[in-house]
Amino acid sequence: MQNKLEIGILGATGMVGQRFIQLLENHPWFQIAWLAASDRSSGKKYEDAAKWRLDTPCPERIAKMTLSPADPDGAPKIIFAALDADIAREMEPRFAAAGCAVVSNSSAFRMAPNVPLVIPEVNAEHLHLIEGQSWRRDSGGYIVTNPNCSAIGLVMALKPIQDRFGVEQIFVSTMQAVSGAGYPGVASMDILGNVVPFIKNEEEKMQEETLKLLGSLQGDKIVPLPARMSAHCNRVAVEDGHTESVSIKLGKPATREELLAAWAEFQPLRGQNLPTAPAHPVEWIAAEDRPQPRLDKNRGNGMAASVGRLRPCGLLDWKFTVLSHNTIRGAAGAAILNAELLMSLGKLEPKLTPLALASARA
């Protein structure tokens, strides 16, 4: 693609905003043209407003950019949003109403009936919901969301199993990295040498989002997967990478070999040439003590879910471990892949709404 599409980032100075910058700086389709953060940062150079926390240098071009007010006037028509839920709830609709495609990492609208909650390998067809949004009809804008960082790895591992055998019950206990709390996040004296068995609203998000993601599109609504689910969410002293211990009850019997084949053959985006999509969304690791965050979080450039330790479960049918990178696959990378899918479907192109036509005639 010779002419890159200009994009903007809302919440550009935070941890997820920084990850957006890192992943988009050399993207073949998108060009960062606009950055915005809080009012106290507006008008400052990015390098003066942000404390860069990633393990690669802040791109020099970005460091010298001036942060804009968080207002849709003058913003590009493609917006990646990395906002706290309370702020997103007020701000994202303003950008959608102004005709922007808002690709959000926030939880604010994930469970809204007409907002698609999407993992491209899992439920790309749910993007149809944007056509029912009032913003889409009036201005061409819309909101699309990606899941919670703890739900995404789980759902990627469950999807090929659900498609072949059905999933009736899900039990999951998470060990979630501190980067999921942002920066400065969890105080060192609270997490070092410790496990915190509570992350506010995390268990509820994980349960609701998993069933929506694995649900079916029926007309203009999503019918959640009719499975029973219980989640225990814990914060642990790991920098990046959410590890989850999972037990499942299937709809019909499956052998170990059949489950491994389901994961190995799961390549729903094959041939679509989306730049951020991993070649193998679910990677099996045979070693008995894997996956581990330190060793496996960056598989598929941080976009793959790693699974291991598949064995029979004494309470349900099977149990296994899944690992995913929480700020790449679980946040910025997930939103970028959603935008790539939207691009491939022609849904990032300007839509001629009645309002747009009237403006053009004027």
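Predicted model: local features only at pLDDT ≥ 70, side-chain atom pairs only at ≥ 80, totals over all residues.
Me: How many of the contacts between residues at least 6 apart in sequence join residues at least 24 apart?

Reply: The share is 75%.

Me: Why is the pair of Trp 29 and Phe 30 called edge-to-face?

Reply: A pair of aromatic rings is described by the distance of the centres and the angle of the planes. Ring centres must lie within 6.5 Å to pair, and planes over 60 degrees apart count as edge-to-face. By this rule there are seven aromatic pairs. For Trp 29 and Phe 30 the centres are 6.4 Å apart and the planes stand at 85 degrees, so the pair is edge-to-face. Trp 29 and Phe 30 also belong to one aromatic cluster with Phe 20 and Phe 80.

Me: How do you know that Trp 29 and Phe 30 are buried?

Reply: Buried means under 20% relative accessible area. Trp 29 has 14% relative accessibility and therefore counts as buried. Phe 30 has 0%, so Phe 30 counts as buried too. Of the 362 residues of the protein, 53% count as buried.

Me: Why is the pair of Tyr 46 and Trp 52 called edge-to-face?

Reply: The ring centres of Tyr 46 and Trp 52 are 6.4 Å apart and the planes are at 70 degrees, so this pair is edge-to-face. Tyr 46 has a relative accessible area of 1% and is therefore buried.

Me: Where does Leu 117 lie, and why is Leu 117 called buried?

Reply: Leu 117 lies in the loop between strand E4 (101-104) and helix H5 (120-123). The cut-off for buried is under 20%; Leu 117 has a relative accessible area of 1%, so Leu 117 is buried.

Me: Which residues are in contact with Leu 117, leaving aside its neighbours within four places in sequence?

Reply: They are Arg 110, Asn 123, His 126, Thr 145, Asn 146, Pro 147, Glu 209, Lys 212 and Leu 213. The C-alpha atoms of Leu 117 and Asn 148 are separated by 9.8 Å, while the two residues are 31 residues apart along the chain.

Conventions
Residues numbered from 1 in each chain as written. Heavy atoms only, no water. Phe/Tyr/Trp six-rings, centres within 6.5 Å; stacked < 30°, edge-to-face > 60°. Buried < 20%, exposed > 50% of the residue type's maximum accessible area, 1.4 Å probe, protein only. Contact = heavy atoms within 4.5 Å. Helix = DSSP H or I, 4+ residues; strand = E, 2+ residues; numbered from the N terminus.
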